[in-house]
Structure formats: structure tokens, C-alpha cells
Amino acid sequence: DKSLLVLPFVMIFGAIVLIVLMVGGYFILFQSPYLWGLLLLIVISFWATFISAAQGWMVHEVLQGKDTTVSSGFGRALRNMRDIFSYTLTMVFITLLASFLRSKGRLGEAVGGTMSYLAGLAGKLVIPAMIVTERSFGESVAQLKESVRSFPEIATYEVGIRPLTNFAVLLLFLFTFFVISPLGILAQAASFVLLLILIILVSVYINTTYYTIVYLALIEKKKIKGLDISLKPLFCR
């Protein structure tokens, strides 16, 4: 659905506008850089969560055979503003705690990194739970215990699809660097920015879509047309 391709662009454009406004506000109001940095982190995290929520609802509508729209996704996300804000504050707290732990030696770095990764992984299933169903943020977190049934699909993405994607991105960067390098530093910078935007757009689209489908099919056990998740034996007589 073409409407799903719009939201990643909206996310990037909105994030740029928010950063410019926040940085401009800092220089105008001369507030504490730490307080302003925390506020910027909360605002950007909230915006990213809002877009993910809108896209999750739009994916849900597409899977129902509907012609989804950006306004529909935004409308659903606006209905869940309280849950989105609760999710945002929780993730910001975990991010700050993980950052603090990383500064406490190798053990702290390992613990902080693991905490941050697991929180991000859990968030990919919490967001569709809040948006697609009528569950609150707390109820969506409690439902995570049922996500064990989707472990193979989560591992498929995290261990299989994502590393391959990262490797393909690396090859693309190297190819672009060697092709563009004779054209000068401005061409290199422009190509780097365009590639970065492309990567963000693709990753946001695939990531949100994939985990929304995993949640709907394996946790909510909803019937999805064209998707066969029946388990078949590897060896048959």
C-alpha cells in the first residue's frame, strides 16, 4: 500500500523540524543543556513512537483488506496519546539507565547494552498491542509473556534478516564511496546523506511492518489472508 511509504518520510521530516526548533529554542531561552537535551530526547522519542503507532495501525488495516490512509493512522495514534506518552517516558528512562550503566566498566557496558536491546525488542511488540487492540500500555507490557511463541520469527529477523541487511548496507556504502569519491567531497557528502535517508526509510518500513504482522499472527492469532504460519515437520516419511 503506497500510503505506508509516506510515513517514514513524514517521520524524518518531522524529526528534522523538531530538532531545529529545539536547538533554536535552546539558544533563545539559554536553558540548561542537560535539561534541554533530556527534553529533546523525549520529544524525538515521542515522535518516533507516534509514527510507529500510526504505521502499525495502517498495516493492520491493509491486512484486513482496507485501503488505508495516513489520516487513519494518525487518527488512531491520536486516540492512544496517553499510552504512547507512557511508552515514551519508559523507554527514555531505560535509555538513560542503560547509558549510565555503560559508563561503569565492561560489565556495566554489557548489562546496559543488553538492557537497551531487550527493551527495544519488547517495544516492537508493545506498540502494535497498544494500537491494534484496546489494551493500555501496562496491559500491553503484561502481554509480552505470550511473545515466547513468536521467538522463531523474532530470531529470524534479529539474527537473520537484520545482519544481512546491515551487510548489504555496508556494501552499498563502499560501492557509493568508490564511485562518488572522484567527484569530490561535496558529492560524497550528498550521497552519504541520501543513502542515510534511504536506509532509515527502508528500515522503518520493514521493521514496523514485520513486527506488526508477527504480533497479529502469532500473539493475537488473527487470520491474515495469504499468510501461512502452520508448522510443518522437517522430515516426513
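**A first look**

Analyst: To start with the surface, the protein exposes about 14600 Å², and carbon and sulfur atoms supply 73% of that. Keep in mind that this is a predicted model.

User: What helices and strands are there in the protein?
Analyst: There are 8 helices and 0 strands. Reading along the sequence gives α-α-α-α-α-α-α-α.

User: And what size of box do the C-alpha atoms fill?
Analyst: Roughly 65 × 45 × 45 Å, taken along the principal axes. Of the 237 residues, 35% are buried.

User: How much of the contacts comes from residues 24 or more positions apart?
Analyst: Counting contacts with a separation of 6 or more, such residues account for 68%.

User: OK, new topic. Where is confidence lowest and where is it highest?
Analyst: Helix α7 has the lowest, with a mean of 76, while helix α3 (residues 70-79) has the highest, at 93. Over the protein, the mean pLDDT is 82, and 94% of residues reach 70 or more.

User: What about residues 231-237?
Analyst: There pLDDT stays under 50, and the model has 0 contacts beyond four places in sequence for them. Where pLDDT is low, the predicted coordinates should not be read in detail.

User: Got it. How many salt bridges does the structure hold?
Analyst: It holds 1. E220 pairs with R135, their closest N and O atoms being 2.8 Å apart. This pair links distant parts of the chain, 85 residues apart: E220 is in the segment after α8 (185-219), and R135 is in the loop between α5 (105-132) and α6 (137-142).

User: Which residues form the nonpolar patch on the surface?
Analyst: F167, L170, L171, L174, F177 and F178, with about 630 Å² of accessible area together. F167 sits in helix α7 (residues 151-180), and its relative accessibility of 49% makes F167 partly exposed, as exposed would take over 50%.

User: Back to helices. How far does α2 reach?
Analyst: Helix α2 (residues 33-63) has 31 residues and spans 45 Å from its first C-alpha to its last, close to the 45 Å expected at 1.5 Å a residue. Just after α2, G65 takes a positive phi of about 85°.

User: Last one: where does V6 lie?
Analyst: In helix α1 (residues 6-29). V6 is partly exposed, at 36% relative accessibility. Its C-alpha is 20 Å from that of K124, a residue 118 residues apart from V6 along the chain.

How values were computed. Residues numbered from 1 in each chain as written. Predicted model: local features only at pLDDT ≥ 70, side-chain atom pairs only at ≥ 80, totals over all residues. Heavy atoms only, no water. Helix = DSSP H or I, 4+ residues; strand = E, 2+ residues; numbered from the N terminus. Expected span 1.5 Å × (residues − 1). Patch = residues over 30% accessible without salt bridge, like charges linked within 9 Å, V, L, I, M, F, W, Y side chains within 5 Å. Areas by Shrake-Rupley, 256 points an atom, 1.4 Å probe, with all protein chains shown as cover. Salt bridge = Lys/Arg side-chain N within 4 Å of Asp/Glu carboxyl O. Buried < 20%, exposed > 50% of the residue type's maximum accessible area, 1.4 Å probe, protein only. pLDDT = per-residue confidence, 0-100. Contact = heavy atoms within 4.5 Å.
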